[in-house]
Amino acid sequence: MQSALFHFDALLLVILLLICTCTYVRQTVPGMVDSRKDKNIFFGMFWKFARIGERLSPYVSICCIIMAVSKLV
C-alpha cells in the first residue's frame, strides 16, 4: 500500500482539500485559527492554507472542478 505522497494526483487532492477545509473553518470560526497562528506552527500552516483559499478562491475552485472531472473519467 502506497502513501498519498508518492502519487502526484493524490498529493494535489490532499492539498486542495486542506486548502478548502482551512478556508471553511476560518470563515466559520475565525478566532480558532487567527488567535493561534503565532503560537503554533501547526495552526500557522492552517492559517496560511486559509489565506491561499481566500485570495485564490476562483483558481482553487477551478482546480477542484478539474480534479473532480478527472476522477470521473
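Me: Let's start with helix H3. Which of its residues are buried?
Reply: Five names to look for: Phe-43, Gly-44, Phe-49, Ala-50 and Gly-53 are buried in H3. Keep in mind that this is a predicted model.

Me: What do those buried residues pack against?
Reply: They pack against helix H1, helix H2 and H4. H1 covers residues 8-28, and H2 covers 30-34.

Me: And H3 itself, how many residues does it have?
Reply: H3 has 15 residues and runs over 41-55. From the first C-alpha to the last, H3 reaches 21 Å. That is close to the 21 Å expected at 1.5 Å a residue.

Me: Step back a bit. How many helices and strands are there?
Reply: The protein has four helices and zero strands. Along the sequence the pattern reads α-α-α-α.

Me: What does the C-alpha trace span?
Reply: About 40 × 30 × 15 Å along its principal axes.

Me: How much of the protein counts as buried?
Reply: Of its 73 residues, 18% count as buried. Among those buried are Phe-43 and Phe-49 in H3.

Me: Which residues form the nonpolar patch on the surface?
Reply: Ile-52, Leu-56, Tyr-59, Ile-62 and Ile-66 form the patch. Together they have about 490 Å² of accessible area.

Me: Which helix gives the most to that patch?
Reply: Helix H4, residues 57-72, gives the most, with three residues.

Me: Take Tyr-59, then. Where is it, and is it buried or exposed?
Reply: Tyr-59 sits in helix H4. Tyr-59 is exposed, because its relative accessible area is 56% and the cut-off for exposed is over 50%.

Me: What about Leu-72, buried or exposed?
Reply: Leu-72 is exposed, with a relative accessible area of 74%. Leu-72 is also found in helix H4.

Me: How far apart are Leu-72 and Val-25?
Reply: In sequence, Leu-72 and Val-25 are 47 residues apart. In space they are 28 Å apart, C-alpha to C-alpha.

Me: Last topic, contacts. Among those between residues at least 6 apart in sequence, what share joins residues at least 24 apart?
Reply: In this protein, 59% of those contacts do.

How values were computed: Residues are numbered from 1 along each chain as its sequence is written. This is a predicted model: local features need pLDDT of at least 70, side-chain atom pairs count only at pLDDT 80 or more; totals for chains, interfaces and linings use all residues. Side-chain values use heavy atoms; hydrogens and water are left out. Patches are made of residues with over 30% relative accessible area and no salt bridge: like charges are joined within 9 Å, nonpolar side chains (Val, Leu, Ile, Met, Phe, Trp, Tyr) within 5 Å. Accessible areas come from the Shrake-Rupley method with a 1.4 Å probe; for residues, only the protein chains shown count as cover. A salt bridge is a side-chain nitrogen of Lys or Arg within 4 Å of a carboxyl oxygen of Asp or Glu. Helices (H or I, at least four residues) and strands (E, at least two) are DSSP runs, numbered from the N terminus. Buried means under 20% relative accessible area, exposed over 50%, partly exposed in between (1.4 Å probe, protein chains only). The expected span of a helix is 1.5 Å times one less than its number of residues. Contact means heavy atoms within 4.5 Å.
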